[in-house]
Amino acid sequence: MSEIRVVVIDSDPLFRAGVAYTLNGEPDLAVVGEGTSASDAFRLAAALKPDVIVLDIGMLGGGAEAVETLVAHCSDVKLLMLTSIVDDQQVCSAMQGGAWGYVLKGVGGPELVQSVRVIHRGERYVAEAGVAGGGNLAVRREAFDSLGGFDVGLHAGEDTDFCL
């Protein structure tokens, strides 16, 4: 199995270090770069050519705005939005803009690792905790018909009411 190369972008240095530590603890994952802003994401994506970028929507320079630019210029990179924002419109916007996954910062290490692996293999992912735990996140599956397959927490094949 080849190593999944990951870049982590988050403006909070302690949180970013924890994400990197968690991902680096897996034998098939390697954090190859870290940054704090959209400009760091663009620079690291171009220079390091990672497989996955874990991107905070609330980062400096705007994570949501960075999605479309990264997708346009680094089409092989898959984007995983890791954020504290529980908002169905944000989820839909990020996923329609080209993100492959959306995970809330409250997820545990195993789910974060799973989400990186899932999107790396070409499947979309939204953490079940983000959908069920947020209460106000009422995302509908039909909104994402054009996006193809997806994974909600566990597997896309399960019958759920969620859009991703």
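Modeller: Let's start with Asp56, which forms a salt bridge with Lys105, their closest N and O atoms being 3.5 Å apart. Asp56 sits in the loop between strand S3 (52-55) and H3, and Lys105 in the loop between S5 and H5, 49 residues apart. Please keep in mind that this is a predicted model.

Biologist: Thanks! What makes the pair of Asp56 and Lys105 a salt bridge?

Modeller: The cut-off is a Lys or Arg side-chain nitrogen within 4 Å of a carboxyl oxygen of Asp or Glu. The N and O atoms of Lys105 and Asp56 are 3.5 Å apart, so the pair qualifies.

Biologist: Which residues do salt bridges with shared partners join into one network?

Modeller: Asp10, Asp56 and Lys105. Asp10 also pairs with Lys105, with the closest N and O atoms 2.9 Å apart. Asp10 lies in the loop between strand S1 (4-9) and helix H1 (13-24), and Lys105 in the loop between strand S5 (101-104) and helix H5 (109-120), so this pair ties together parts 95 residues apart in sequence.

Biologist: How do you know whether Asp10 is buried or exposed?

Modeller: Its relative accessibility is 3%. With the limit for buried at under 20%, Asp10 therefore counts as buried. Lys105, at 24%, lies between the limits of 20% and 50%, so Lys105 is partly exposed.

Biologist: How many salt bridges does a search of the whole structure find?

Modeller: Seven. Another one of them joins the side chains of Glu34 and Arg16, at 3.3 Å from N to O. Glu34 is in strand S2 (residues 29-35) and Arg16 in helix H1, so parts 18 residues apart in sequence are tied together.

Biologist: What is the exposure of Glu34 and of Arg16?

Modeller: Glu34 is partly exposed at 39%, while Arg16 counts as buried at 12%.

Biologist: Which residues make the contact?

Modeller: From H3 they are Ala64, Val67, Glu68 and Val71, and from H4 Gln90, Ala94 and Gly97. These residues divide into four nonpolar, two polar and one charged.

How values were computed: Residues numbered from 1 in each chain as written. Predicted model: local features only at pLDDT ≥ 70, side-chain atom pairs only at ≥ 80, totals over all residues. Heavy atoms only, no water. Contact = heavy atoms within 4.5 Å. Helix = DSSP H or I, 4+ residues; strand = E, 2+ residues; numbered from the N terminus. Nonpolar A, V, L, I, M, F, W, Y, C, P; charged D, E, K, R; others polar. Buried < 20%, exposed > 50% of the residue type's maximum accessible area, 1.4 Å probe, protein only.
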